[in-house]
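Let's take a walk through this fold, strand by strand and contact by contact. Have the model open beside you as you read.

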Amino acid sequence: MLSLKFLYNTPLGSFVTGRWRRKRDLVSAADHPLDDEKDDPRRSSYICSIPRAQLFKGVLLQGYLVHPSVLRGIEDFAVRDDDVFIVTYPKSGTTWTEEIVSLIHHDGIPSRVQNKLLHYRVEHLEVGRPLGHLRHLKGIKSPRLIATHLPLPLIPRKLKQGKCKIIYVVRNPKDNAVSYYHHHRMSTFLGNYKGTWEDFLYLYTKGYLVYGSWFDHVLPYWRFCQDHPDRMLFVSFEDLKMDLPGQVSRMASFLGRPLNEEAIAAISSHCTFEQMKSNNMVNREVLPISDLFDMTQSKFMRKGIIGDWKNYFTDEQNIDFSKLYNEKMRDSGLELIFDPEEIDSRNNNSGSKTTGALQDTTENINAT
């Protein structure tokens, strides 16, 4: 079994993973901070904590397992018409959706995937082996299931233009910030973050984290979905919590693989948070690389609930974040849930359980 220490901190590993080859589109983030961030000590400290942090076309990315040669090849990556891409900002329900989509492609029969790691069923576009990752993706038989956290401007050109299906998963940014904070603490490739929650939330609201701003990630994909509803399905983490069978059915129909009630029930039972957390094929406790995560800091699948942000946000932080959210999301038409109590109210008032409803309720989040 390989380790990050071997891959990046030994002479042989350094030879395999390569050193910086500076070009205008891809540079070491530590050496080339963005002009408006040079004097921000919290931003600088964060960048220095990310091993081999890199700026690719202005977006901060991790250095471990995201190789420069892969990034430079992504724009021209050959997308097939029957590909399925799962796109998320980190910690928005990626693994959950990957498992659901994989089971849809296995006709809703969990026994078909019970002994195969999710890592091998759903490949990651930009994260992978230091050598030959794009060639490996090219060699996978159709239909391919591929996940990515890249913002819209950085995805393959053919993905924006082609015919394949895209499922985008969004999570309310307050819970997302808390989950991403714990993910940083446990992730070796993110430097096992040692800073405070207060500093992390500051970095989150400024868009200084790996993969950039939540707002700059979500809103362009939301607009893309509105322009291409036949190609992109927008799903929220909260929708999955509210009505998992309904969302499984919705995804299966969107992918052209409608399932009967028995198969939907099987997937829904298999993909509850409790089942996923104890399933070693998906909970990241068994991986080809041994030291990706420090599970003593946090579990990869931690709580999986709506409203955990209340245990972290101070009243002042909540007010400031709500103000920012309202400013950024004004007139977007994207409705998200921040509190479990909103679920009953939503269902009673509208009967709608999907994020697809074009209804702007951002003014209500100050009350959460």
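## Strand E8 and its cover

Start with strand E8, residues 232–236, which is mostly covered: 5 of its 5 residues are buried. Buried here means under 20% relative accessible area, while exposed means over 50% and partly exposed falls in between (1.4 Å probe, protein chains only). Helices and strands are DSSP runs numbered from the N terminus, with at least four residues (H or I) for a helix and at least two (E) for a strand. Met-232, Phe-234 and Ser-236 point one way from E8, Leu-233 and Val-235 point the other way, and all are buried.

Before going further, a word on what you're looking at: this is a predicted model, where local features need pLDDT of at least 70 and side-chain atom pairs count only at pLDDT 80 or more, though totals for chains, interfaces and linings use all residues. Residues are numbered from 1 along each chain as its sequence is written, and side-chain values use heavy atoms, with hydrogens and water left out.

## The sheet

E8 belongs to an open sheet of 5 strands in the order E5-E6-E4-E7-E8, with parallel pairing. Strand E5 (123–124) and E8 stand at the edges with a single partner strand each, so one side of each has no neighbour in the sheet. Two strands count as paired if DSSP finds at least two bridges between them.

If you want a spot to check, Val-169 has Val-235 as its bridge partner in E8.

Helix H11 (residues 214–227) lies across E4, E7 and E8, and runs at about 135° to E8. Helix H13 (residues 244–254) also packs on the sheet, touching E7 and E8, and its direction makes about 170° with that of E8. Those angles run from 0 to 180 degrees between N-to-C directions, using axes fitted as lines to C-alpha atoms, for helices over the stretch in contact. Contact means heavy atoms within 4.5 Å.

## A buried isoleucine

Next, find Ile-267 in helix H14 (residues 261–270). Ile-267 is buried, at a relative accessible area of 0%. Leaving aside residues up to four places away in sequence, Ile-267 touches Ile-100, Leu-103, Ile-104, Gly-108, Val-248 and Leu-259. Gly-108 sits 159 residues away from Ile-267 in sequence, yet their C-alpha atoms are 5.7 Å apart in space.

## Salt bridges

Side chains of opposite charge can pair when their charged atoms come close. A salt bridge here is a side-chain nitrogen of Lys or Arg within 4 Å of a carboxyl oxygen of Asp or Glu, and by this rule the count comes to 8. Arg-157 forms one with Glu-75, with the closest N and O atoms 3.7 Å apart. Arg-157 lies in helix H8 (residues 157–161) and Glu-75 in the loop between helix H4 (68–74) and strand E4 (84–88), so the pair ties together parts that are 82 residues apart in sequence. Both ends are partly exposed, Arg-157 at 34% relative accessibility and Glu-75 at 38%. These two also join Lys-57 and Asp-76 in a network of salt bridges.

Asp-83 and Arg-144 make another salt bridge, with their closest N and O atoms 2.7 Å apart. This pair links distant parts of the chain, 61 residues apart: Asp-83 is in the loop between H4 and E4, and Arg-144 is in the loop between helix H7 (133–139) and strand E6 (145–148). Asp-83 is buried at 1% relative accessibility, as is Arg-144 at 2%.

Leu-65 has a positive phi of about 70° although it is not a glycine. You'll find Leu-65 in the loop between strand E3 (59–61) and H4, buried at a relative accessible area of 9%.

## The whole chain

Zooming out, the chain has 17 helices and 8 strands, and buried residues make up 56% of its 368 residues.
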